[in-house]
Amino acid sequence: MGFNILVHIYSALFVVSLIVLFELIFVLKKNKSLKTILIGYSSGVLWYSASHLYCSYYGYNRILLELPFPLLSICFMTFFSTLCYNKVKSYVVVFSAISLINYFVFVVYYLFIKPVDTGIPLSDENVLGGYVSYIKLGYMIAFLIISGSLYFKMQSKYQADNIYFKRIKSWACFFIVGVIIIFISGVNRVFNGYNNEISRYLNSLVLFLTILALLFRPKFLNTSKLSISLSNYFTKNLIQK
């Protein structure tokens, strides 16, 4: 029963993320940095849903299933950094680089140097040992702290009575809720295994929530250059038609 429900969820998520991906490509016009980040995120959701659909029928594949997570976490943080500073902060770049390097080192090492069947999750304690749980937990805590700090800085520094800011503020809430749920899901995965069903439902919930938020984003983002900086208030003058 759980399998059938998840297959339907992944199928729906695949269709919605594909629609959003093309919608972003053709509708979001001027803000190239934000467009790149959101396209990257929707591509990660598309990969996630497609890989889970594939593995639902053909079995676990580490390469397919684990790649979307560093991509999605990087897009989350760069999204908040871009909204907050109109650029990607150095510590976000460092964290993103560490995430990608860590992923590719593990892929190369356990594919070519010390081969481990791709049908076995690297989170399996019999493969890497129990210490890996603490490494993954540390990663999740760092992800939560960085994303949360960027979000709260953005919330605390701007004029709350500005109509454009109110729209951005409401929109960004969907993503920070997603960050919190992803953190809960990640902690659950650390201690209960990658294929834990609760985590799969939580991950799917977050991805549906955020991909729909992209689809129903504030309309002025489609045709405006959004420039936000902590040293300036977010005012109508910063929206360049």
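Q: Which residues of helix 9 are buried?
A: This is a predicted model. The general idea first: an α-helix has 3.6 residues a turn, so residues three or four places apart point the same way. Now the case here. The buried residues of helix 9 are S199, N203, S204, V206, L207, T210, I211, A213 and L214.

Q: How many residues does helix 9 have, and what does it reach from its first C-alpha to its last?
A: Helix 9 has 19 residues. It reaches 27 Å, close to the 27 Å expected at 1.5 Å a residue.

Q: How many salt bridges does the count come to?
A: Look for a side-chain nitrogen of Lys or Arg within 4 Å of a carboxyl oxygen of Asp or Glu. By this rule there is 1 salt bridge. The side chains of R217 and E23 form it, at 2.8 Å from N to O. R217 sits in the loop between helix 9 and strand 1, and E23 in helix 1, so the pair ties together parts 194 residues apart in sequence.

Q: Are R217 and E23 buried or exposed?
A: Buried means under 20% relative accessible area. R217 has 3%, so it is buried. E23 has 18% relative accessibility and also counts as buried.

Q: Which residues does the "transmembrane region" annotation cover?
A: The unreviewed UniProt entry gives 6–26, 67–85, 92–113, 133–152, 172–192 and 198–216. Compare such a record with the model. Residues 92–113 are 100% helix and 0% strand, with end C-alpha atoms 30 Å apart. Residues 172–192 are 100% helix and 0% strand, and their end C-alpha atoms lie 30 Å apart.

Note on methods: Residues numbered from 1 in each chain as written. Predicted model: local features only at pLDDT ≥ 70, side-chain atom pairs only at ≥ 80, totals over all residues. Heavy atoms only, no water. UniProt positions renumbered as here; feature names shortened; annotations may be inferred. Helix = DSSP H or I, 4+ residues; strand = E, 2+ residues; numbered from the N terminus. Buried < 20%, exposed > 50% of the residue type's maximum accessible area, 1.4 Å probe, protein only. Expected span 1.5 Å × (residues − 1).
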